[in-house]
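Hi everyone, thanks for making time.

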Amino acid sequence: MSPVLSVRELVVSFTTRDGPVTAVAGVSFDVGRGEVLGLVGESGSGKSVTGLAVLGLIDPPGQITRGSIRLEGEELVGRPEDELRRLRGRRLAMIFQDPMNTLNPVLRIDTQMIEAIWAHERVSEKAARDRACRALMQVGIPSPEERLRAYPHQFSGGMRQRVAIATALLHRPAVLIADEPTTALDVTIQSQILSEVQQLCEESGTAMVWITHDLSVIAGLADRVAVMYAGRIVETGSVADTLEHPLHPYTAGLIGSVPSRNRRGEPLAQIPGMTPSLANLPPGCPFAPRCSYATATCRGIMPDAVEIQAGRNVRCHYPLGVVAPEAA
Ligand SMILES: Nc1ncnc2c1ncn2[C@@H]1O[C@H](COP(=O)(O)OP(=O)(O)OP(=O)(O)O)[C@@H](O)[C@H]1O
Ligand code: SF4
Ligand SMILES: [Mg+2]
């Protein structure tokens, strides 16, 4: 089945005082109907910029300089702003870390949800209210009729995020971009919300990109994972395979240890060093300064993305458990 969202060789650059910065440097991924892709990486790796690009929300000094973003086969890059605005909220939806960015503090929840429905559909107030009520119920909000009359500040952080999610999913969007929506919440609540949203996406066929810096949040919940480092996806695969047998040393570092069947070294308790400055990337593999397996080849030549097996890609000269550095 063809993917709902297909991103190819996406490049996003910013003009800064220190010159141009390539925040996203050739990112490609697909998300299918009802599928959840976890987009994971440390701060500054380009996750949010990737999400914003899909939503058509890159504004100057940023710019999509290359690549393609297809929504159900239709190209989004280069579309006029008014067309993209119409798509947002209906076919493309988003949730961000702070739900107060999407919820209006001075309006009751019912007013906001009904307005969100009316922005794209002409239905009666009763039909809109019923839909809003059902949507709140689906995200686990008890007594939704009563809660609809409340204001955002009368909800806990987790409940507020659930309202934002319910609002984002009102139109059964084709794609939902969730940018660290639960980071501020307790880990148990994060997993609970992700599991509910995953179920909703599966039911409605929505393709979701769940952005997080914390691999443990998506463990067991997302279907596939894409790991980003310095503006590139360095590894993709099913969540189960990737967590069990990471191929990229950076992924292994994020997980916190290299699997024991890999005899190449001690477990990495944490990744040493800092994320590189994008304005000043080293030649070769951008992870080399922090990688305990780096060789002269790594420091000189940027590794290409290689498919190790169906659906598993890695951008490393010596994928863990596949190629030993000394053999190369
Ligand atoms: N408005 C901007 N102007 C200039 N550079 C920017 C701008 N927005 C992003 N960048 C550049 O893009 C890089 C990636 O930013 P992005 O917000 O995508 O990171 P992230 O992976 O979402 O990190 P975090 O986990 O902190 O949210 C930044 O480090 C910065 O160099
Ligand atoms: S290419 Fe080399 S430096 Fe980069 S991650 Fe792989 S082993 Fe480490
Ligand atoms: Mg971000």
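Let me start with residue classes: Ala, Val, Leu, Ile, Met, Phe, Trp, Tyr, Cys and Pro count as nonpolar, Asp, Glu, Lys and Arg as charged, and the others, Gly among them, as polar. This is a predicted model, with local features needing pLDDT of at least 70 and side-chain atom pairs pLDDT 80 or more, while totals for chains, interfaces and linings use all residues. Side-chain values use heavy atoms, without hydrogens and water.

Now the pockets. A pocket is an open set of points on a 1 Å grid over the protein atoms alone, where a 1.4 Å probe fits, with protein on both sides within 12 Å along at least five of seven lines; lining residues have an atom within 4 Å of a point. The second largest pocket holds about 340 Å³, the space filled by probe spheres set on points joined across faces, edges and corners. Its lining has six nonpolar, four polar and six charged residues. Strand 2 gives the most to that lining, five residues; strands (E, at least two residues) and helices (H or I, at least four) are DSSP runs numbered from the N terminus.

And the largest pocket? Its volume is about 450 Å³, and its lining divides into 12 nonpolar, seven polar and one charged residue.

Finally, Ser68, which sits in strand 4 (residues 62–71). Why does Ser68 count as buried? Because its relative accessibility is 15%, and buried means under 20% (1.4 Å probe, protein chains only). Thanks, all!

Methods: Residues are numbered from 1 along each chain as its sequence is written. Chains are lettered from A and ligands numbered from 1 in the order in which they are written. Buried means under 20% relative accessible area, exposed over 50%, partly exposed in between (1.4 Å probe, protein chains only).
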